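Here is a short briefing on one protein model. Look at the sequence and the structure first, then read the points below.

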Amino acid sequence: MREEEKKPTSTIRRILKQRWALSAIYIASAAIILAAAFLLQNSFDDSAKDGKEETAETGKNYGEPSVEVNSNLETIKMPVADADKSVIKKQFYDVNADEKAQEEALVFYNNRYEQNKGIDIAMEDGKSFDVKASLSGNVTKVQDDALLGNLVEVEHEDGVVTRYQSVKDIKVAVGDKVKQGQAIATAGKSQINEEAGVHVHFEIRKDNIALNPLDFVDKQASAIQSATEAEADKEETPAVEGSEADKEETPAVEGSEADKEETPAVEGSEADKEETPAVDETDESTDLESGTDEEGSVPGEDTTEESDSLKDSLNQSN
(Lines give C-alpha, C1' and ligand atoms only; values in the text may rest on other atoms or scores of the structure.)
Protein backbone atom coordinates (compact mmCIF):
# COMPACT_ATOMS: atom_id res chain seq x y z
CA MET A 1 0.00 0.00 0.00
CA ARG A 2 2.78 2.37 0.78
CA GLU A 3 4.34 1.86 -2.63
CA GLU A 4 1.01 2.63 -4.37
CA GLU A 5 0.56 5.86 -2.38
CA LYS A 6 4.04 7.04 -3.23
CA LYS A 7 3.63 6.62 -7.01
CA PRO A 8 1.40 9.66 -7.70
CA THR A 9 3.53 11.99 -5.65
CA SER A 10 6.61 10.84 -7.36
CA THR A 11 5.02 11.46 -10.77
CA ILE A 12 4.11 15.07 -9.85
CA ARG A 13 7.59 15.68 -8.58
CA ARG A 14 9.06 14.35 -11.79
CA ILE A 15 6.84 16.70 -13.81
CA LEU A 16 7.76 19.70 -11.68
CA LYS A 17 11.41 18.94 -12.13
CA GLN A 18 11.04 19.43 -15.88
CA ARG A 19 12.21 22.82 -17.24
CA TRP A 20 8.97 23.59 -19.06
CA ALA A 21 6.74 22.81 -16.07
CA LEU A 22 6.90 26.24 -14.41
CA SER A 23 6.40 28.08 -17.72
CA ALA A 24 3.37 26.00 -18.50
CA ILE A 25 1.92 26.68 -15.07
CA TYR A 26 2.42 30.45 -15.46
CA ILE A 27 0.83 30.50 -18.91
CA ALA A 28 -2.15 28.51 -17.76
CA SER A 29 -2.64 30.77 -14.74
CA ALA A 30 -2.46 33.90 -16.89
CA ALA A 31 -5.01 32.50 -19.32
CA ILE A 32 -7.39 31.72 -16.49
CA ILE A 33 -7.02 35.24 -15.01
CA LEU A 34 -7.57 36.97 -18.40
CA ALA A 35 -10.64 34.87 -19.10
CA ALA A 36 -12.10 35.75 -15.73
CA ALA A 37 -11.41 39.47 -16.25
CA PHE A 38 -13.05 39.39 -19.69
CA LEU A 39 -16.16 37.76 -18.31
CA LEU A 40 -16.40 40.31 -15.52
CA GLN A 41 -16.02 43.22 -17.96
CA ASN A 42 -18.84 41.94 -20.14
CA SER A 43 -21.10 41.58 -17.16
CA PHE A 44 -20.39 45.20 -16.11
CA ASP A 45 -21.16 46.51 -19.63
CA ASP A 46 -24.43 44.66 -19.76
CA SER A 47 -25.51 46.06 -16.42
CA ALA A 48 -24.60 49.62 -17.52
CA LYS A 49 -26.65 49.30 -20.73
CA ASP A 50 -29.60 48.05 -18.79
CA GLY A 51 -29.35 51.04 -16.46
CA LYS A 52 -29.26 53.54 -19.37
CA GLU A 53 -32.26 51.97 -21.03
CA GLU A 54 -34.21 52.14 -17.82
CA THR A 55 -33.28 55.82 -17.38
CA ALA A 56 -34.35 56.63 -20.94
CA GLU A 57 -37.65 54.85 -20.48
CA THR A 58 -38.19 56.67 -17.19
CA GLY A 59 -37.43 60.06 -18.83
CA LYS A 60 -40.23 59.58 -21.34
CA ASN A 61 -42.74 60.01 -18.57
CA TYR A 62 -41.72 63.63 -17.95
CA GLY A 63 -42.33 66.74 -20.10
CA GLU A 64 -39.52 68.05 -22.32
CA PRO A 65 -37.48 70.87 -20.73
CA SER A 66 -37.90 74.37 -22.21
CA VAL A 67 -34.95 75.46 -24.36
CA GLU A 68 -34.27 79.11 -25.24
CA VAL A 69 -34.67 79.52 -28.98
CA ASN A 70 -32.07 81.43 -30.99
CA SER A 71 -34.11 83.70 -33.26
CA ASN A 72 -31.27 83.82 -35.81
CA LEU A 73 -31.89 80.14 -36.54
CA GLU A 74 -35.64 80.58 -36.96
CA THR A 75 -37.31 81.00 -40.33
CA ILE A 76 -39.22 84.28 -40.64
CA LYS A 77 -42.96 83.68 -40.94
CA MET A 78 -45.92 85.81 -41.93
CA PRO A 79 -47.73 87.18 -38.84
CA VAL A 80 -50.90 85.20 -39.61
CA ALA A 81 -52.01 81.64 -38.89
CA ASP A 82 -52.93 80.83 -42.50
CA ALA A 83 -50.85 82.77 -45.00
CA ASP A 84 -52.57 81.10 -47.98
CA LYS A 85 -55.86 82.79 -47.12
CA SER A 86 -54.31 86.22 -46.65
CA VAL A 87 -53.98 89.10 -49.12
CA ILE A 88 -51.66 92.09 -49.15
CA LYS A 89 -53.63 95.31 -49.29
CA LYS A 90 -50.61 97.56 -49.73
CA GLN A 91 -47.06 96.67 -50.61
CA PHE A 92 -43.78 97.98 -49.20
CA TYR A 93 -42.46 101.15 -50.87
CA ASP A 94 -39.32 100.06 -52.71
CA VAL A 95 -37.07 102.81 -54.06
CA ASN A 96 -35.84 100.40 -56.76
CA ALA A 97 -39.33 99.49 -58.00
CA ASP A 98 -40.97 100.96 -61.09
CA GLU A 99 -43.09 104.10 -60.97
CA LYS A 100 -46.41 102.27 -60.93
CA ALA A 101 -45.42 100.02 -58.03
CA GLN A 102 -44.18 103.02 -56.08
CA GLU A 103 -47.46 104.85 -56.60
CA GLU A 104 -49.41 101.84 -55.33
CA ALA A 105 -47.19 101.69 -52.22
CA LEU A 106 -48.01 105.27 -51.17
CA VAL A 107 -50.39 105.92 -48.27
CA PHE A 108 -52.58 109.02 -48.63
CA TYR A 109 -53.62 110.69 -45.38
CA ASN A 110 -54.42 114.29 -44.43
CA ASN A 111 -53.64 115.52 -47.97
CA ARG A 112 -50.20 113.98 -47.79
CA TYR A 113 -48.58 110.92 -49.36
CA GLU A 114 -46.49 108.71 -47.12
CA GLN A 115 -44.22 105.84 -48.15
CA ASN A 116 -45.45 102.52 -46.80
CA LYS A 117 -42.67 101.12 -44.61
CA GLY A 118 -44.20 97.65 -44.32
CA ILE A 119 -46.93 95.46 -45.77
CA ASP A 120 -50.65 95.60 -44.90
CA ILE A 121 -52.07 92.08 -44.55
CA ALA A 122 -55.76 91.17 -44.45
CA MET A 123 -57.86 88.05 -44.89
CA GLU A 124 -59.69 87.31 -48.14
CA ASP A 125 -63.04 87.33 -46.34
CA GLY A 126 -62.23 90.64 -44.60
CA LYS A 127 -62.76 89.18 -41.13
CA SER A 128 -60.56 89.69 -38.08
CA PHE A 129 -57.76 87.25 -37.27
CA ASP A 130 -55.06 86.59 -34.70
CA VAL A 131 -51.74 88.36 -35.23
CA LYS A 132 -48.86 85.94 -34.65
CA ALA A 133 -45.25 86.70 -33.69
CA SER A 134 -43.10 86.37 -36.79
CA LEU A 135 -39.99 85.58 -34.72
CA SER A 136 -39.22 84.79 -31.09
CA GLY A 137 -38.06 87.77 -29.07
CA ASN A 138 -38.73 90.29 -26.31
CA VAL A 139 -41.59 92.79 -26.34
CA THR A 140 -40.07 96.28 -26.09
CA LYS A 141 -43.05 98.55 -26.91
CA VAL A 142 -46.83 98.42 -26.55
CA GLN A 143 -48.51 101.68 -27.54
CA ASP A 144 -52.09 102.84 -27.96
CA ASP A 145 -52.30 104.99 -31.08
CA ALA A 146 -55.54 105.79 -32.88
CA LEU A 147 -53.75 107.01 -36.01
CA LEU A 148 -51.62 103.87 -36.43
CA GLY A 149 -54.21 101.59 -34.86
CA ASN A 150 -52.04 100.65 -31.83
CA LEU A 151 -48.68 98.92 -32.17
CA VAL A 152 -46.50 96.21 -30.67
CA GLU A 153 -42.73 95.98 -31.15
CA VAL A 154 -40.69 92.81 -30.59
CA GLU A 155 -36.91 93.00 -30.46
CA HIS A 156 -34.68 90.21 -31.74
CA GLU A 157 -30.94 89.68 -32.11
CA ASP A 158 -28.51 91.86 -34.11
CA GLY A 159 -30.70 94.97 -34.00
CA VAL A 160 -33.68 93.35 -35.76
CA VAL A 161 -37.15 94.54 -34.72
CA THR A 162 -40.57 93.39 -35.93
CA ARG A 163 -43.47 95.86 -35.65
CA TYR A 164 -47.19 95.07 -35.67
CA GLN A 165 -49.57 98.03 -36.20
CA SER A 166 -53.33 98.33 -36.62
CA VAL A 167 -54.03 95.78 -33.87
CA LYS A 168 -56.43 95.49 -30.94
CA ASP A 169 -56.94 93.19 -27.95
CA ILE A 170 -53.19 93.16 -27.30
CA LYS A 171 -52.22 90.05 -25.34
CA VAL A 172 -48.62 90.93 -24.37
CA ALA A 173 -46.86 93.59 -22.29
CA VAL A 174 -43.45 95.22 -22.33
CA GLY A 175 -40.82 92.79 -21.07
CA ASP A 176 -42.66 89.64 -22.11
CA LYS A 177 -40.83 86.94 -24.03
CA VAL A 178 -42.80 85.67 -27.01
CA LYS A 179 -42.23 82.60 -29.13
CA GLN A 180 -42.62 82.39 -32.87
CA GLY A 181 -46.26 81.76 -33.77
CA GLN A 182 -47.60 83.04 -30.44
CA ALA A 183 -50.73 85.19 -30.69
CA ILE A 184 -49.86 88.73 -29.56
CA ALA A 185 -52.98 90.67 -30.69
CA THR A 186 -55.96 90.76 -33.03
CA ALA A 187 -56.09 92.52 -36.39
CA GLY A 188 -57.90 95.86 -36.36
CA LYS A 189 -58.22 99.13 -38.25
CA SER A 190 -56.20 102.36 -38.48
CA GLN A 191 -56.96 105.91 -39.49
CA ILE A 192 -53.88 106.23 -41.65
CA ASN A 193 -54.98 103.40 -43.96
CA GLU A 194 -58.75 103.04 -43.69
CA GLU A 195 -58.96 101.56 -47.20
CA ALA A 196 -57.26 98.36 -45.99
CA GLY A 197 -60.12 97.58 -43.61
CA VAL A 198 -59.36 94.98 -40.94
CA HIS A 199 -55.66 94.26 -41.34
CA VAL A 200 -52.26 94.22 -39.65
CA HIS A 201 -49.42 96.49 -40.72
CA PHE A 202 -46.24 94.37 -40.49
CA GLU A 203 -42.72 95.80 -40.56
CA ILE A 204 -39.20 94.41 -40.27
CA ARG A 205 -36.50 96.89 -39.25
CA LYS A 206 -32.74 96.52 -38.99
CA ASP A 207 -31.02 99.26 -36.97
CA ASN A 208 -34.26 101.30 -37.36
CA ILE A 209 -34.18 101.00 -41.17
CA ALA A 210 -37.36 99.57 -42.69
CA LEU A 211 -36.90 96.51 -44.93
CA ASN A 212 -39.29 94.76 -47.27
CA PRO A 213 -40.73 91.84 -45.23
CA LEU A 214 -41.48 89.83 -48.38
CA ASP A 215 -37.74 89.69 -49.14
CA PHE A 216 -37.14 87.68 -45.95
CA VAL A 217 -40.26 85.54 -45.46
CA ASP A 218 -39.35 81.82 -45.28
CA LYS A 219 -35.69 82.76 -44.78
CA GLN A 220 -33.58 82.59 -41.63
CA ALA A 221 -33.26 85.78 -39.61
CA SER A 222 -29.51 85.74 -40.27
CA ALA A 223 -30.35 86.61 -43.90
CA ILE A 224 -31.27 90.11 -42.72
CA GLN A 225 -27.74 90.67 -41.43
CA SER A 226 -26.23 89.34 -44.67
CA ALA A 227 -28.46 91.58 -46.79
CA THR A 228 -27.62 94.72 -44.84
CA GLU A 229 -23.90 93.95 -45.04
CA ALA A 230 -24.19 93.54 -48.80
CA GLU A 231 -25.94 96.92 -49.07
CA ALA A 232 -23.18 98.50 -47.00
CA ASP A 233 -20.56 97.06 -49.35
CA LYS A 234 -22.39 98.53 -52.35
CA GLU A 235 -22.39 101.98 -50.76
CA GLU A 236 -18.62 101.81 -50.30
CA THR A 237 -18.04 101.74 -54.05
CA PRO A 238 -14.41 101.02 -55.06
CA ALA A 239 -14.93 103.05 -58.24
CA VAL A 240 -14.99 106.26 -56.24
CA GLU A 241 -11.75 105.29 -54.58
CA GLY A 242 -10.19 104.62 -57.97
CA SER A 243 -11.29 107.98 -59.29
CA GLU A 244 -9.80 109.67 -56.26
CA ALA A 245 -6.54 107.84 -56.88
CA ASP A 246 -6.60 108.93 -60.52
CA LYS A 247 -7.16 112.49 -59.41
CA GLU A 248 -4.21 112.30 -57.06
CA GLU A 249 -1.87 110.87 -59.70
CA THR A 250 -3.03 113.17 -62.59
CA PRO A 251 -0.11 112.63 -64.95
CA ALA A 252 -1.65 115.08 -67.43
CA VAL A 253 -1.59 117.90 -64.92
CA GLU A 254 2.00 117.19 -64.00
CA GLY A 255 2.97 117.23 -67.67
CA SER A 256 1.19 120.53 -68.21
CA GLU A 257 2.98 122.00 -65.21
CA ALA A 258 6.30 120.83 -66.64
CA ASP A 259 5.42 122.36 -69.99
CA LYS A 260 4.55 125.58 -68.26
CA GLU A 261 7.86 125.60 -66.43
CA GLU A 262 9.88 124.93 -69.60
CA THR A 263 7.76 127.25 -71.85
CA PRO A 264 10.09 127.45 -74.82
CA ALA A 265 7.66 129.72 -76.61
CA VAL A 266 7.75 132.29 -73.85
CA GLU A 267 11.54 132.22 -73.69
CA GLY A 268 11.76 132.69 -77.45
CA SER A 269 9.46 135.66 -77.30
CA GLU A 270 11.56 137.19 -74.56
CA ALA A 271 14.70 136.69 -76.66
CA ASP A 272 12.97 138.27 -79.65
CA LYS A 273 12.03 141.20 -77.51
CA GLU A 274 15.62 141.61 -76.37
CA GLU A 275 16.97 141.56 -79.97
CA THR A 276 14.46 144.14 -81.14
CA PRO A 277 15.22 145.67 -84.52
CA ALA A 278 12.18 147.76 -83.70
CA VAL A 279 14.44 150.62 -82.71
CA ASP A 280 15.41 151.16 -86.38
CA GLU A 281 11.77 151.02 -87.32
CA THR A 282 11.01 153.70 -84.84
CA ASP A 283 13.83 155.80 -86.26
CA GLU A 284 12.39 155.35 -89.73
CA SER A 285 8.98 156.23 -88.47
CA THR A 286 10.35 159.37 -86.86
CA ASP A 287 12.06 160.30 -90.15
CA LEU A 288 8.81 159.80 -91.97
CA GLU A 289 7.00 161.92 -89.45
CA SER A 290 9.59 164.68 -89.83
CA GLY A 291 9.08 164.58 -93.60
CA THR A 292 12.62 163.46 -94.58
CA ASP A 293 13.81 160.27 -96.22
CA GLU A 294 16.85 158.26 -95.30
CA GLU A 295 19.20 160.65 -97.12
CA GLY A 296 17.81 163.59 -95.19
CA SER A 297 16.03 165.21 -98.14
CA VAL A 298 12.48 166.40 -98.07
CA PRO A 299 10.51 164.76 -100.86
CA GLY A 300 8.01 167.58 -100.92
CA GLU A 301 10.62 170.15 -102.18
CA ASP A 302 11.44 168.18 -105.37
CA THR A 303 7.81 168.11 -106.40
CA THR A 304 7.40 171.86 -105.95
CA GLU A 305 10.50 172.62 -108.04
CA GLU A 306 9.19 170.47 -110.89
CA SER A 307 5.83 172.24 -110.81
CA ASP A 308 7.54 175.68 -110.99
CA SER A 309 9.59 174.68 -114.04
CA LEU A 310 6.44 173.50 -115.80
CA LYS A 311 4.76 176.84 -115.19
CA ASP A 312 7.75 178.73 -116.69
CA SER A 313 7.71 176.61 -119.84
CA LEU A 314 4.02 177.27 -120.36
CA ASN A 315 4.47 181.04 -120.03
CA GLN A 316 7.26 181.04 -122.60
CA SER A 317 5.14 179.11 -125.06
CA ASN A 318 2.37 181.69 -124.75
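L22 lies in helix α2. Helices (H or I, at least four residues) and strands (E, at least two) are DSSP runs, numbered from the N terminus. The model is predicted: local features need pLDDT of at least 70, side-chain atom pairs count only at pLDDT 80 or more, and totals for chains, interfaces and linings use all residues. Residues are numbered from 1 along each chain as its sequence is written, and side-chain values use heavy atoms, with hydrogens and water left out.

**The nonpolar patch**

- I12, L16, L22, I25 and Y26 make a nonpolar surface patch of about 530 Å².
- The elements giving two or more residues to this patch are α1 (2-17) and α2 (19-59).
- Helix α2 gives the largest share, three residues.
- Patch residues have over 30% relative accessible area and no salt bridge; like charges are joined within 9 Å, nonpolar side chains (Val, Leu, Ile, Met, Phe, Trp, Tyr) within 5 Å.
- Accessible areas come from the Shrake-Rupley method with a 1.4 Å probe; for residues, only the protein chains shown count as cover.
- A salt bridge is a side-chain nitrogen of Lys or Arg within 4 Å of a carboxyl oxygen of Asp or Glu.

**The open sheet**

- Three strands form an open sheet in the order β5-β11-β9, with antiparallel pairing.
- Its edge strands are β5 (130-132) and β9 (167-168), and each pairs on one side only.
- Two strands pair if DSSP finds at least two bridges between them.
- Strands β5 and β11 (residues 183-187) run antiparallel, joined by three bridges.
- V131 stands opposite A185 in β11.

**Strand β8**

- Strand β8 (residues 160-165) is largely enclosed by the rest of the structure, because six of its six residues are buried.
- Buried means under 20% relative accessible area, exposed over 50%, and partly exposed in between (1.4 Å probe, protein chains only).
- On one side of β8, V160, T162 and Y164 are buried; on the other, V161, R163 and Q165 are buried.
- Five bridges link β8 to antiparallel strand β7 (residues 151-155).
- E153 has R163 in β8 as its bridge partner.
- The hairpin of β7 and β8 has four residues between the strands, and D158 there takes a positive phi near 60 degrees.
- β8 also pairs with β12 in the antiparallel sense, over six bridges.
- V161 stands opposite R205 in β12.

**A buried loop residue**

- A196 sits in the loop between β11 and β12 (200-206).
- A196 counts as buried because its relative accessibility is 6%.
- Leaving aside neighbours within four places in sequence, A196 is in contact (heavy atoms within 4.5 Å) with K89 and A122.
- A196 and A122 are 74 residues apart in sequence, yet 7.5 Å apart in space, C-alpha to C-alpha.
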